[in-house]
Amino acid sequence: MDDDRRPDPDALLARVQQDEAQARRGKLKIFFGASAGVGKTYAMLSAAQAAQAEGIDVVAGVVETHGRPETMALLDGLPRLPMKALAHRGKALQEFDLDTALARRPALVLVDELAHSNVAGSRHPKRWQDVHELLGAGIDVWTTMNVQHLDSLNDVVSGITGIRVWETVPDRVFDAADEVVIVDLPPDELLLRLQQGKVYLAQQAESAVRNFFRKGNLIALRELALRRTADRVDDQVMAWRRGGAVKPVWRTRESLLLAVGPDPNGEALVRSALRLATQLDVPWHAIYVETPQLQRLPEAARHQVLRVLKLAQDLGASTATLASGSVADGIVRYAREHNLSRLVLGRRARRRGWPWRRTLTETIVATAPDLDVVQIAMPIGVARTAVPAKAGEGATPWRDYAWAGAVCTVVTLLTAPLHEVLALINIVMLFLLAVVAVALRWGRGPAVLASFMSVAAFDFFYVPPRFSLAVSDVQYLLTFGVMLAVALVVGQLTAGLKYQARVATLREDRMRALYEMSRDLSGALLTGQIAEIAARFVASEFHARAALFVAAEDNRLLPPMLASDAGDVLPIDASVAQWSFDRSQPAGCGTDTLPGSPVLYLPLRAPMRLRGVLAIEPRRSERLLVPEQRRLLDTCASLIAIALERVHYVDVAQTTTVQMESERLRNSLLAAISHDLRTPLASLVAMADSMGLAMPPSASEQARIAQAMREAALRMNSLVNNLLDMARLQSGQVQLKRQWQPLEEVVGTALKAMEVALADHPVKVSLPDDLPLLHIDAMLIERVLCNLLENAVKYTPAGSAIDIHAKAGTDEVALMLDDHGPGLPKGREEAIFEKFERGRKESATPGVGLGLAICRAIAEAHGGSIAGETLAAGGARFVLRLPRGNPPALEDIDDALPADAVKELP
């Protein structure tokens, strides 16, 4: 059995473990379509009916029929899980009940519209997260989704249709699905269904045709859906081929593989391959196979190869450098691993050589008949080496050949005294051992020299007649031939294995260094430690110096952080680093942006955002051109970015914890103080009232003092009530008692309560007659209006007017209160809504800065908002926005009232 056909044992073990984990999870099946109306839900329900007929326990968790009769008919006979009612902005919305599904544990659950966003208060914000929990519990799930809901294609679809879809599903969920069923419908047929009212109602269908459902949009979405499904199937094919150790190339998808070498026309070959890939509209790869012979190329020729690979990578190719004993074997192995069916090679006129020696093309054709080989004509008359090598550059040093000759001489001298003791066959073994030793130590060329010298020495010193190259027995000619052949083969194999072992050692060293770096970064708690680890790794693996730029919250880079042993200052340009950060692109050495710079700037991309820039100054810039080295560097940058993001969120978590504890302590203190102060304040008010009612009446001075004491106690009581209300709101203990209320009554009640305070301020109320009912807690909204009115009285001169007006929108009602005072402090329009913040820090106006904070807390509890601004004509405006909701019809209110109450209604 050919060892090359045997799968990797580690890969087999990993696959078995993955299969075991997958067997414990449920299976996810997605009915995938280009747009709404193609029949995804219909196809899912049809398949569910067939599954139920086969005895599978199927339940409908949530199915959106949109009122389509043919779809609703398919629900007959399917058990349905009850929905869970959740309150949202005054409405009772029905959502998928995940807990009921987990308790019921059916074999299969139907969960429609995978991209749906759950109502606030659900366990998960997204429905696909509910599906993930069902799969983890071992329950199979069937679901539906459209192509515009894929996260990676969301911006593409919005660019085509002009409509942004906000509900998306991560691509990893789609790719991890066990089965994807494409539900397709031609655009003309879909438009016909739309006109017939089978997708939307008549009014909605007319609007949809004008906007989203245009024929051009549908064709483009259909292509995206089919291509995305084809990409997923292609990934499955590649995974199956790797898992099954499949050798032949399967022509499931067109692709190109370009093999480059140390040729001066490599760039022309790359451009030709690019044109061919563009014409065929297929992906393409460019590889370079390094063999032991090519490893001894001149340095200039190696740089030429790296430049060609860099050009291919810039032009969109996937590049790689492979190590193999044979160029043909390396190319064929890469093509089969990546299922690349078409190979592109350069063609030259065949040079004179051994007639039995095959060209690279002939070798590949004979080795892999399943590959198509495309040869591109190369210019004639150009030397094969890119640049003439310097004297002795790239060649095996003469000392290696001298050592090979010395080893053969030593073996001859050592075996000479043992001529009478050892048989000739054993002496041959000693010479072969010498050839192996030379191949291990000095490589292929010296091993060939040692092979010929060993045969000559054996013939001259040991084969009769001795000390002569003449052979008395013809059989010794066969011995010489076999000995020479074995020596050459053993020497070649030994040198090749030595090369492969060295390559494997280098790769292992890189992986070990990368593991050690990731381990050190996982324990780093400060950005300075991350900079030290990054500089140490870059110095050991790339022989370069490094500096780390960390991004501040305003997306500006902080001064670079250098390792403590960095030595001389790096020639860093902060403006180039900022450019690289702003555009999320590498710059400097080895890139297309400022390639003359000695420093390479790499943006550090973390999952959430860019975290900084890594600056690297290599001693030899050509090392960055090697694809493997560049990928290693990119991996290093990713690990550093993730470490920086982890440290950032650790700081955020610590700061948030401290703030939460401080807020909790402050709220507890406010609640305790306010409770303890209310009793003595109530006593003071009662005593002041008693003094006013005393008989005989108190003197005028005493009455004035009692009245002042009463007013001061009432002001203090108001402040204490504010403290207590804020503590309750912050602790979440206040439960809204919502009812459908007219806004006019709430405004009138607030004005009545503030009648005394508004004695010196005329109030003008302008409320439209068509204001809808609002689902609010009237007492709390009245408190908001009272606080706003009190705030206007405090900060506006006596006699200035206060205007109250409102405006009803489609989703909300805005209540505005305008005064004619000095307006809000510039730049502090938002800060005044914070706790203990006042409009003017130094002011004789009484208050502790809680009134507006309470207003915001009450507004947000109702699902609304409040904001302030300074009017252009002077004065301040506060805008309270409340959700409009869907008030009940008048007949519903009549039904809810008693009969006698209905009679009294005007």
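The buried residues of helix α26 are L852, A853, I854, C855, R856, A857, I858 and A859, where buried means under 20% relative accessible area with a 1.4 Å probe, protein chains only. This helix spans residues 851-861 and is mostly covered, with 8 of its 11 residues buried. Helices here are DSSP runs of H or I with at least four residues, and strands are runs of E with at least two, both numbered from the N terminus. After α26 comes G863, which has a positive phi near 80°.

The model is predicted, so that local features need pLDDT of at least 70 and side-chain atom pairs count only at pLDDT 80 or more, while totals for chains, interfaces and linings use all residues. Residues are numbered from 1 along each chain as its sequence is written, and side-chain values use heavy atoms, with hydrogens and water left out.

The protein chain as a whole contains 28 helices and 24 strands. Of its 906 residues, 40% are buried. Its accessible surface is about 48400 Å², and carbon and sulfur atoms account for 57% of that area; such areas come from the Shrake-Rupley method with a 1.4 Å probe. Contact means heavy atoms within 4.5 Å. When contacts between residues at least 6 apart in sequence are considered, 70% join residues at least 24 apart.

Two helix pairs may now be considered. Helix α16 (residues 398-415) and helix α17 (residues 424-442) have axes that come within 10 Å and cross at roughly 155°. Because of this angle, α16 is roughly antiparallel to α17, a term for angles over 145 degrees. Axes are lines fitted to C-alpha atoms, for helices over the stretch in contact, and angles run from 0 to 180 degrees between N-to-C directions. On the α16 side, D400, W403, A404, V407, C408, V411, T412 and T415 meet L430, F431, A434, V438 and W442 of α17. By class, this contact has 10 nonpolar, 2 polar and 1 charged residues. Ala, Val, Leu, Ile, Met, Phe, Trp, Tyr, Cys and Pro count as nonpolar, Asp, Glu, Lys and Arg as charged, and the others, Gly among them, as polar.

The other pair is helix α24 (residues 743-753) with helix α25 (residues 778-795), which pack at an angle of about 50° with their axes 9 Å apart. The contact involves V746, V747, T749, A750, L751 and A753 of α24, together with A778, I781, E782, L785, C786 and L789 of α25. It has 10 nonpolar, 1 polar and 1 charged residues.

Note on methods: Parallel < 35°, antiparallel > 145°, perpendicular 65-115°, else oblique. Buried < 20%, exposed > 50% of the residue type's maximum accessible area, 1.4 Å probe, protein only.
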